Amino acid sequence: MSDLRERPTILRITEIGEQILHRPCRPAGAEDFGSPELARLIEEMFATMYVADGAGLAANQVDVDLRLFVYDCPDDDGVRHVGHLLNPVVEPQAPGRRLIEDNEGCLSVPGAHATLARPAHAVVRGFDQHGNPRTITGTGYFARCLQHETDHLNGHIYVDRLAKRDRKDVLRQSADRRADVFAERAVAADRLNWPGPMEGCDPSCGCRRAESPA
């Protein structure tokens with residue numbers, strides 16, 4: 001990660017309907033891996049995610065056309081998972097896999113949530129910022145996060161997986177709550193205290209709570 005420790009730029013989060021959210025992102029290549037620009041982007045994405053009180057954030061959600069997401073997400077056992085992944089691919093799952101219905105939202109559809117069924121287990125393969133191969137396995141809520149963020153990079157939002165009536169309800173929720181959500185994010189951005197990216201912390205570390213909105 002970057003050695004920079006100045007206050008990072010909080011990036012604008014794109015919203016449903018913007019073209020970059022609805023097309024596949026560009027794969028990371030040799031020009032990206034190991035670059036200072038990539039390190040800085042990851043740092044800024046973490047800060048932006050924390051200000052928005054999210055568990056994951058994809059690059060196209062900050063208007064960057066790159067197959068990259070960051071995450072700080074617990075699993076159903078309360079184990080905290082923090083990291084990033086480039087060029088993620090979710091391994092295919094066998095028919096009859098176990099699904100879990102749970103509430104799901106998205107920072108690009110502010111203020112809205114809906115119940116959505118997803119596989120209870122996910123294996124995602126990709127690379128770290130230096131080009132080293134990585135395999136991430138998630139269960140429960142963390143599996144949902146991994147699938148949700150990979151969907152983003154494939155040009156899909158969770159709303160795309162909902163029935164027509166549920167999609168309309170989500171858009172109505174967002175229209176009603178959007179202003180309040182943006183006001184909360186502005187307050188959180190003003191209060192951000194940034195000692196550096198969280199990746200690499202011990203899973204029991206409470207550092208995110210010190211930086212996130214109360």
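Asp63 lies in the loop between strand S1 and strand S2 (68–74), where strands (E, at least two residues) and helices (H or I, at least four) are DSSP runs numbered from the N terminus. The model is predicted, so that local features need pLDDT of at least 70 and side-chain atom pairs count only at pLDDT 80 or more, whereas totals for chains, interfaces and linings use all residues. Residues are numbered from 1 along each chain as its sequence is written, and side-chain values use heavy atoms, with hydrogens and water left out.

Most residues other than glycine have a negative phi. Asp63, although not a glycine, has a positive phi of about 65 degrees. With 45% relative accessibility, Asp63 counts as partly exposed; the classes are buried under 20% relative accessible area, exposed over 50% and partly exposed in between (1.4 Å probe, protein chains only). A positive phi, of about 60 degrees, is also found at Asp53, again not a glycine. Asp53 is placed in the loop between helix H1 (36–51) and strand S1 (56–58), and its relative accessibility of 54% puts Asp53 in the exposed class.

Strand S6 (residues 121–127) runs antiparallel to strand S3 (residues 80–90), to which it is joined by 3 bridges; two strands pair if DSSP finds at least two bridges between them. Val124 in S6 is the bridge partner of Val90. S6 is also joined to strand S7 (residues 133–139), by 7 bridges and in antiparallel orientation. In this pairing, Gly138 in S7 is the bridge partner of Ala122. S6 and S7 form a hairpin with 5 residues between them, and Gly131 in the turn has a positive phi of about 90 degrees.
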